[in-house]
Structures are given as structure tokens and as C-alpha cells.
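Please open the model in a viewer and keep a selection tool at hand.

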Amino acid sequence: MAQLSAQRRMKLMALQLLLWQSALWSGREAVPLVTVSALPPSLPLPRSFLLKSLEQVRKIQASGSVLLEQLCATYKLCHPEELVLLGHSLGIPKASLSGCSSQALQQTQCLSQLHSGLCLYQGLLQALAGISPALAPTLDLLQLDVANFATTIWQQMENLGVAPTVQPTQSAMPAFTSAFQRRAGGVLAISYLQGFLETARLALHHLA
């Protein structure tokens, strides 16, 4: 009888332990674990910002196309790919938008690269001053539109709290020593700007 009573006590203890573990596990399940994948993504950008940015992209691309057509018609500079080697020798830079690709789109990095790239092309357009009296009005308008777009991006970065405390300084621009270099450089710079803006347009659609 004593042996039977001891066995019952052991079974009762085992059952109590099992019930206690079950209750503890249920309590744990009630509070889900927070993993990196469960963290909320970047907040969506305001629709007003996206629409304004897309309109600015469209406007700049339209002015850029007009300038390229005029350079082609007036100076027979119609094939940017034929001027790439000259562009390397002149030191004409090309802005990167690696953070804005659809495969690796990162909101903060994309906005930062957009702003930096626009500042770069704004500087290149300034370096083209004197390219031609006939082209000057279109070039001035293009430069102003690029500057306005850069301001739009910067203001949105400030709204998100991701803008640097100081705006980045402009890098050194190429020095054109002849009219031909300035016009050929203009074809390359505007062609690079057009490609940059097309990537920006696609990225803005993804960010929407």
C-alpha cells in the first residue's frame, strides 16, 4: 500500500509539473516575439511629394530633350555614345542611383542619392554657361528646374528627419577650354541627366 501511495504521489507531482509548463508556454505564446522582419517598414512618402517630384522629372526631361535636339541640329552632336571617351578625358562625372534600384530600393539612401545627383548635374549645367546664345534660355531654365527638384528632395529629407545637418558641398566641375568641348560636354551631361531622371522616375513609382 505504501508503494502504491508513493507511485500516486509521483504521478500527481508529474501531472502538476506538466500543467505548470503548459501554462508557462501559453503565457509566452501570448506575447509574439519581435524580429527584424516583423518591424514596420519605412513610412510611405506623401502623395503630394511624389506627384510634385514626378512632375518635376517630366519637366526636366522635356527641357533636356529640347537641348539635345538643338545640339544635334545645330552642331551635329547627335550621338552621345561617340563622345564617351572625350567625357572621360574631360572628367565629366556620372551620378549613381544604386540605392534606388527596384532590387535594392532603400528610401533614405535613395533620397540622399537623388539629392546628391541633382546637385552634381546642377553644377555641370552651370559649367556649360556660354555654350551658345541661342541655347542659353533653355539651359538656364533646365538649371533652375534641376535646382528646384533638388530643393524638393531636400525638404522631404528634412521632413523625415534624415537630412544631414549641412548640405553636401559641390564637387569640382570640369573646365572646358573650347566651344567644342563645352558643347560635347553638354551633350554628355544632359544625356547622363536624362538617364538619371529615368531611374529616379521608376524609383518614385516604387516608393509610392
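Is Cys119 buried or exposed? Select Cys119: its relative accessible area is 16%, so it counts as buried, a class that means under 20% relative accessible area, with exposed over 50% and partly exposed in between (1.4 Å probe, protein chains only).

**Reading the model**

This is a predicted model, in which local features need pLDDT of at least 70 and side-chain atom pairs count only at pLDDT 80 or more, while totals for chains, interfaces and linings use all residues. Residues are numbered from 1 along each chain as its sequence is written, and side-chain values use heavy atoms, with hydrogens and water left out.

Colour the chain by pLDDT, the predictor's confidence in each residue, from 0 to 100. The average for the protein is 82, and 78% of the residues score at least 70. Next select residues 14–41, where pLDDT stays under 50; the model has 1 contact (heavy atoms within 4.5 Å) beyond four places in sequence for this stretch. Where pLDDT is low, the predicted coordinates should not be read in detail.

**The helices**

Switch to a cartoon view. The protein has 6 helices and 0 strands, giving the pattern α-α-α-α-α-α along the sequence. Helices (H or I, at least four residues) and strands (E, at least two) are DSSP runs, numbered from the N terminus.

Just after H5, Gly161 takes a positive phi of about 75°.

**The disulfides**

Show the cysteine side chains.

Begin with Cys72 and Cys78, joined at an S to S distance of 2.0 Å. The torsion about their S-S bond is about 90°, so this disulfide is right-handed. Cys72 is partly exposed at 26% relative accessibility, and Cys78 is partly exposed at 32%.

Move to Cys100 and Cys110, whose sulfur atoms are 2.0 Å apart in a disulfide. This link is right-handed, with 110° about the S-S bond. Cys100 lies in the loop between helix H3 (84–90) and helix H4 (107–127), and Cys110 lies in helix H4, so the pair ties together parts that are 10 residues apart in sequence. Both Cys100 and Cys110 are buried.

Centre on Leu118. Not counting residues up to four places away in sequence, Leu118 touches Val146, Phe149, Ala150, Ile153, Phe196 and Leu197.

Finish at Gln194, in helix H6 (residues 179–207). Gln194 is buried, with a relative accessible area of 14%. Leaving out residues up to four places away in sequence, Gln194 touches Ile60, Gln61, Gly64, Ser65 and Leu68.

How values were computed. Disulfide = S-S within 2.5 Å.
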